[in-house]
Amino acid sequence: MFEIQLAKGAQAAGGALVTAFPSVGMVGSIAGSFVSEALKMERIAYVLSEDVPPAALVQEGVPGYPLRILGHKHMSILTSEFQIPITIAGQLAKTIMDWAGSNGYDVIVGLEGLMSGQEDAGVEKEARMFGVGSTPAARDRLSKAGIEQFKIGMITGVSGALLSEGERTGRDVVCLLVEANSMYPDARGAAKLVELLSKLLPDVKVDLGDLYKEAELIEENVKAAVERTKEMLAARQSQAERLGKSYMYG
């Protein structure tokens, strides 16, 4: 079971509640972290549960509850550094829906990654971006924001549960999706998610320059690691071939 508890002296911001959990390429977590830091969001609530791993998130030497809600004006972000087990994702989604409905949030927005099929870090390919809405009004939000709608496929975890619960109850839930590389933290994909979020929620105004610089750094490091791995494998293969020949011919 889950319980959302307001921090001491805090109030729910209302408006839009964004959920940012680890997903393909960690894009949801990276995007949520970037937006919360850029807008200098403050913690307004804790999501308590005995079903999630016990942990403390330490930032600048200060420990904090890992599953938390941060707020800024009329937007809040529920974020976590660990993946919610699929077996309890539905419970968390229902808790989020109930709490959001009781605290003035008119739309819930999930941030997710899609497998891109781009396993080679050296391949340059523009990531595709989509949105899904639980109600006609939510889908109209996507159309007005110029976001292509995801036509067919499966969305699992908390975002999937929120979408299906939103459709069942007539509540507005939107899931924003971007193709991401599952082989490493995809900061470029996360930046694309933030772009989508800023289209859907015009109040989200952040400079993505730092995030794209981080993306380039991550990609360069990954490419260098891939090249080193190829060189090591080639060297081992060459050594194995030499040993094989020495055993064969004496």
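Contact here means heavy atoms within 4.5 Å. The model is predicted: local features need pLDDT of at least 70, side-chain atom pairs count only at pLDDT 80 or more, and totals for chains, interfaces and linings use all residues. Residues are numbered from 1 along each chain as its sequence is written, and side-chain values use heavy atoms, with hydrogens and water left out.

**Exercise 1. Determine which residues Asp106 touches, and where Asp106 is found.**

Step 1. Asp106 belongs to strand β8; strands (E, at least two residues) and helices (H or I, at least four) are DSSP runs, numbered from the N terminus.

Step 2. Leaving aside residues up to four places away in sequence, Asp106 touches Gly15, Ala16, Arg141 and Asp172.

Step 3. Gly14 lies 92 residues from Asp106 in sequence, and the C-alpha to C-alpha distance is 7.4 Å.

Step 4. Asp106 counts as partly exposed because its relative accessibility is 47%; buried means under 20% relative accessible area, exposed over 50%, and partly exposed in between (1.4 Å probe, protein chains only).

**Exercise 2. Identify the members of the largest nonpolar core that touch the most other members.**

Step 1. A nonpolar core is a set of buried Ala, Val, Leu, Ile, Met, Phe, Trp, Tyr and Cys residues joined through side-chain atoms within 4.5 Å.

Step 2. The largest such core holds 39 residues, and Met75, Leu111, Leu176, Leu197 and Leu211 touch the most other members.

Step 3. Elements that each supply at least two residues of this core include β2 (15-20), α1 (27-38), β8 (105-115) and α6 (209-249). Helix α5 gives the largest share, 8 residues.

Step 4. Among the contacts of Leu176, not counting residues up to four places away in sequence, are Leu111, Phe130, Ile147 and Leu197.

Step 5. A second, separate core has 34 residues, including Phe2, Val52, Ile88 and Ala100.

**Exercise 3. Describe how helix α2 packs with helix α4.**

Step 1. Helix α2 (residues 86-102) and helix α4 (residues 157-169) have axes 8 Å apart, at an angle of about 50 degrees. Axes are lines fitted to C-alpha atoms, for helices over the stretch in contact, and angles run from 0 to 180 degrees between N-to-C directions.

Step 2. α2 is therefore oblique to α4; angles under 35 degrees count as roughly parallel, over 145 as roughly antiparallel, 65 to 115 as roughly perpendicular and the rest as oblique.

Step 3. The α2 and α4 crossing is right-handed, the near helix being turned clockwise from the far one by less than a right angle.

Step 4. Residues making the contact include Ala89, Ala93 and Met97 of α2, together with Val158, Ala161 and Leu162 of α4.

**Exercise 4. Describe the packing of α1 with α5.**

Step 1. The two axes come within 8 Å and cross at roughly 60 degrees, so α1 is oblique to α5.

Step 2. The crossing of α1 and α5 is right-handed.

Step 3. Among the residues in contact are Ile30, Ala31 and Phe34 of α1 and Ala190, Leu193 and Leu197 of α5.

**Exercise 5. Classify the aromatic pair formed by Tyr46 and Tyr65.**

Step 1. Rings of Phe, Tyr and Trp (its six-membered ring) pair if their centres lie within 6.5 Å; planes under 30 degrees apart count as stacked, over 60 as edge-to-face and the rest as tilted. The whole structure contains 3 aromatic pairs.

Step 2. For Tyr46 and Tyr65 the centres are 6.2 Å apart and the planes 90 degrees apart, which is edge-to-face.

Step 3. Tyr46 lies in strand β3 (residues 42-49) and Tyr65 in the loop between β5 (62-64) and β6 (68-72), 19 residues apart.
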